[in-house]
Amino acid sequence: MTLRRPPRRALIAIVATIVVLAPLGFFWQRSLVPNDLSPMAMGYADYGGGPATAHDHHGTDVRQLTGPVDHKPDVVVDLVARQERFDIPGRGSTDGYTLNHTSPGPRIVAKHGDLVQVTLRNENVADGITLHWHGVDVPNAEDGVAGVTQDAVGPGQSFVYRFVAKDAGTYWYHSHQVSHEQVRKGLYGVLVVQPTPTDVVAAVHTYDKVRTVNGEYGERRVQAPGPIARVRLINTDNGPLAVWVDGAPYKVVAVDGTDVNGPTEVSGKSVLVTAGGRIDLEVPTAKAVRIGLGGGPTTLVIGEGDAPTGTEPRERVDLLSYGSPRPLGFDPAQATRSFRYGIGRRIGFFDGKPGLWWTINGHQFPDVPMFVVSEGDVVRMTIANTSGQVHPMHLHGHHVVVLSRDGVRATGSPWWTDSLNVEDKETYEVAFVADNPGIWMDHCHNLPHAAQGLVTHLMYAGVTTGYHLGGAPDNQPE
Ligand code: C2O
Ligand code: CU
């Protein structure tokens, strides 16, 4: 009797299947993001060439890094978050999230040096919420990142934020829990520190393909505040926004809350507002002017009567050479740490899902570098994007100054930024002083990209957090 051997072809097929599936299974398994993960246990430490040991903040918990606890606040704001239907003037009603029944939420205004106290209450947002003060270098415990600096605030719960508005400028706030959904659907608002009598705020937001300015659709009008307006443009969307002025020349007077030194007059050019970023323009308003907001029906007219209608000027203001230099206040040549934030993309699994996923220095979330610094470090960082798409990079708790782009040195006003538009194939070198201890997100502000893992942290040696991603509060910062 002869034993029937499996045909050779079948054997080859079985072996081939194992050869293909085993590593696939391995990579699938390895890509699963744990349901309960400490941000401190993510990836690997990158010391940027500096010492690995911490001399400072040994054992400081983020909960200790609060704003002033006992002082009487100068600005008191109560915000109640709800999931509900609300009206977009000029367009109709939509489903989303509100703060005190409006989206954007109430505009918060503070004077320079004011202690701001915001009590956030969650009425019925099932996933929980937080508030992050985008561009404001608050103490770490006030930063509002679920799973890193606090737990998500569940329905019926509240949380109090306290921070000193130490830097005048244009900022905004938004949820940092399930932010890729909550921000898009309305959980955001404007914060202006040290407003001027010439202010015109223009916060641009897209609700379900409907682009709005200050929550309203179509041609919107405001009165001229005087012969000159300071237009505070805020891009709360996921992609870059070109803005320009029809009817008058203008100056770019601030970027991400920092004044430009020696701004010069611009005409026939647009300026790009990075996703998450802010640009302040100074615009003469003796005659009505129109602020173009990326093209399309939503524009902002300042003043009475007809304003000219233009199209987006092709030429752009280049902040690398705009304005005039002035001292930075520190010397980037004396850097004590240098990091690389290389953004790529590759085929693989992310949390068990196959696809094309972002990488940081060749690693995928959560196996990404943690950039470790000590207080007082002068830090250089090279952000290199080879991923095929643009990424608006946002570091919490700090402002960075641009040193160069693609090897071309910055020659204009110091370009201080917290939201930097890094195009595909671009390389920026930036620098900053590590002067705000904590654990700080450093992520792409195209929030769906962040949800797909384009997130890492700047960590001060010795600072720890007891908060976890996932866990019982189901913290999901992105
Ligand atoms: Cu505007 Cu990490 O946020
Ligand atoms: Cu991105």
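These legends accompany several close-up views of a predicted model.

View 1. Let's begin with the overall layout.

**View 2. Six strands form an open sheet with mixed pairing.** Follow the strands across in the order β2-β25-β34-β33-β27-β31. At the edges you will find β2 (44-46) and β31 (419-422); each has a single partner strand, so one side of each is left without a neighbour in the sheet. From one strand to the next, the twist averages 25 degrees.

**View 3. Strands β27 and β33 run antiparallel.** Here you can look at residues 391-395 of β27 beside residues 439-444 of β33, joined by three bridges. Leu395 has Asp442 in β33 as its bridge partner.

**View 4. Domain 1 and domain 3 bury about 1000 Å² between them.** Of this area, 49% is on carbon and sulfur atoms. On the domain 1 side, the residues that lose the most area to domain 3 are Ser413, Ser419 and Asn421, together 37% of what that side buries.

**View 5. One salt bridge is counted between domain 1 and domain 3.** Now zoom in on Arg278 and Asp418, which form a salt bridge with their closest N and O atoms 2.8 Å apart. On the side of domain 1 that touches domain 3, β30 (416-417), β31 and α3 (447-451) each supply at least two residues. The largest share, three residues, comes from β31.

Technical notes
Residues are numbered from 1 along each chain as its sequence is written. Chains are lettered from A and ligands numbered from 1 in the order in which they are written. This is a predicted model: local features need pLDDT of at least 70, side-chain atom pairs count only at pLDDT 80 or more; totals for chains, interfaces and linings use all residues. Side-chain values use heavy atoms; hydrogens and water are left out. Two strands pair if DSSP finds at least two bridges between them. Helices (H or I, at least four residues) and strands (E, at least two) are DSSP runs, numbered from the N terminus. Axes are lines fitted to C-alpha atoms, for helices over the stretch in contact, and angles run from 0 to 180 degrees between N-to-C directions. Buried area is the accessible area (1.4 Å probe) that two parts lose on being put together, summed over both. A salt bridge is a side-chain nitrogen of Lys or Arg within 4 Å of a carboxyl oxygen of Asp or Glu.
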